[in-house]
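Subject: A structure to look at, with notes

Hello,

Here is the structure that I promised to pass on to you. Please open it beside this message, and look up each residue as you come to its name.

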Amino acid sequence: MAKYKKLIIASVIFFLLVNTVYYWEGTLGIFSMLTFLLMVLYFIVLAVLLYVQIFRAITEKLRDKPRLYLIGLMTGVLALAFFFPNGIVDFEKMESDAVLIAQREGVANCMITLKLRKDYTFKSREVCFGVDEITGTYRIKGDTVFFERNPLRRRGNFYEFAVIERRKSKSEKNLGTLVTFKNSSDTTGMRFGIVKMNLANNKSKQLKSLN
């Protein structure tokens with residue numbers, strides 16, 4: 001297998017990149033689009049190299065067992081990447097349950113999703129010509145949510161607090177509105193439609209459920 005060391009390493013690296021995308025994609029911002037294109041190119045190059053290995057194996061009448069093992073490895077890696085482009089493990093399901101999910105759609109089909117989790121952590125994920133994520137903790141006082149972003153990620157700004165506006169009737173599409181504010185002098189705010197809200201089950205800080 002020594003003569004195929006480079007191809008083995010390249011295949012393993014690609015496998016690790018695909019299966020850890022959940023953790024690094026959101027740190028790239030606008031560069032995530034370029035990274036996606038590079039990953040597609042990486043896939044194509046490996047596929048071409050796999051075709052070459054299969055062709056050589058056939059011409060050798062399948063006598064080179066190390067080459068056959070390599071073909072099996074590369075085929076498995078590429079197949080998993082094709083059918084599970086976000087990795088074979090859904091890491092988000094391993095995190096604390098979301099007690100509030102709010103979304104805002106911008107221009108060019110850009111989407112911001114804000115999730116408040118049961119363990120008092122939050123994640124804001126913006127998909128717009130790239131992927132950008134901001135994480136941190138939150139606390140609730142009445143209908144106001146106060147955010148404390150992760151100090152390890154200082155790039156960009158985030159909201160200081162948000163106000164939960166419950167829906168007035170069941171006929172409304174969303175469960176309510178989350179109005180976020182950059183600071184106390186921000187009088188405009190940014191409105192998010194609440195698509196899930198189960199804050200009443202969160203310990204120590206309870207809000208009444210919608211009727």
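This is a predicted model: local features need pLDDT of at least 70, side-chain atom pairs count only at pLDDT 80 or more; totals for chains, interfaces and linings use all residues.

Residues are numbered from 1 along each chain as its sequence is written, and side-chain values use heavy atoms, with hydrogens and water left out.

The whole protein

The secondary structure comes to four helices and eight strands, where helices (H or I, at least four residues) and strands (E, at least two) are DSSP runs numbered from the N terminus. Read along the sequence, these elements follow the pattern α-α-α-α-β-β-β-β-β-β-β-β.

The C-alpha trace spans about 75 × 35 × 30 Å along its principal axes. The radius of gyration is 23 Å, whereas a compact globule of 211 residues would have one near 17 Å; this radius is taken over C-alpha atoms, and the globule rule is 2.2 Å times the number of residues to the power 0.38.

Of the 211 residues, 34% count as buried, and here buried means under 20% relative accessible area, exposed means over 50%, and partly exposed lies in between, with a 1.4 Å probe and protein chains only. If we take contacts (heavy atoms within 4.5 Å) between residues at least 6 apart in sequence, 43% of them join residues at least 24 apart.

In soluble globular proteins, nonpolar side chains tend to be buried together. A nonpolar core is a set of buried Ala, Val, Leu, Ile, Met, Phe, Trp, Tyr and Cys residues joined through side-chain atoms within 4.5 Å. The largest such core here has 20 residues, and those with the most contacts inside it are L100, L116, F122, Y138, F147 and L178. Two or more residues each are given to this core by β1 (98-105), β2 (111-117), β4 (131-141), β5 (144-149), β6 (161-166) and β8 (190-197). Apart from it lies another core, of 15 residues, among them L7, A57, I71 and M74.

Residues in and around the strands

Which residues does F147 touch, leaving aside its neighbours within four places in sequence? F147 is in contact with L114, L116, F122, T137, Y138, F158, Y159, E160, F161 and A162.

F122, which lies in strand β3, counts as buried because its relative accessibility is 2%. With neighbours within four places in sequence again left aside, the contacts of F122 include L114, L116, I134, Y138, F147 and F158. Y120 lies in the loop between β2 and β3 (121-127) and has a positive phi of about 65° although it is not a glycine. Y120 counts as partly exposed, because its relative accessibility is 22%.

S96 is found in the loop between α4 and β1, and beyond its neighbours within four places in sequence it is in contact with R117, K118 and D119. S96 and N198 are 102 residues apart in sequence and 13 Å apart in space, C-alpha to C-alpha.

Residues in and around the helices

L70 lies in helix α4 (residues 65-83) and counts as buried because its relative accessibility is 0%. Leaving aside neighbours within four places in sequence, L70 is in contact with M1, Y4, L7, I8 and Q53. Q53 has its place in helix α3 (residues 31-59) and is buried, with a relative accessible area of 5%. Not counting residues up to four places away in sequence, Q53 touches Y4, L7, R67, L70 and I71.

L62 has a positive phi of about 60° although it is not a glycine, and R63 counts as exposed because its relative accessibility is 62%.

Two distances

F122 and Y51 are 71 residues apart in sequence and 45 Å apart in space, C-alpha to C-alpha. For R63 and N109 the separation is 46 residues in sequence and 53 Å in space, again C-alpha to C-alpha.

With best wishes
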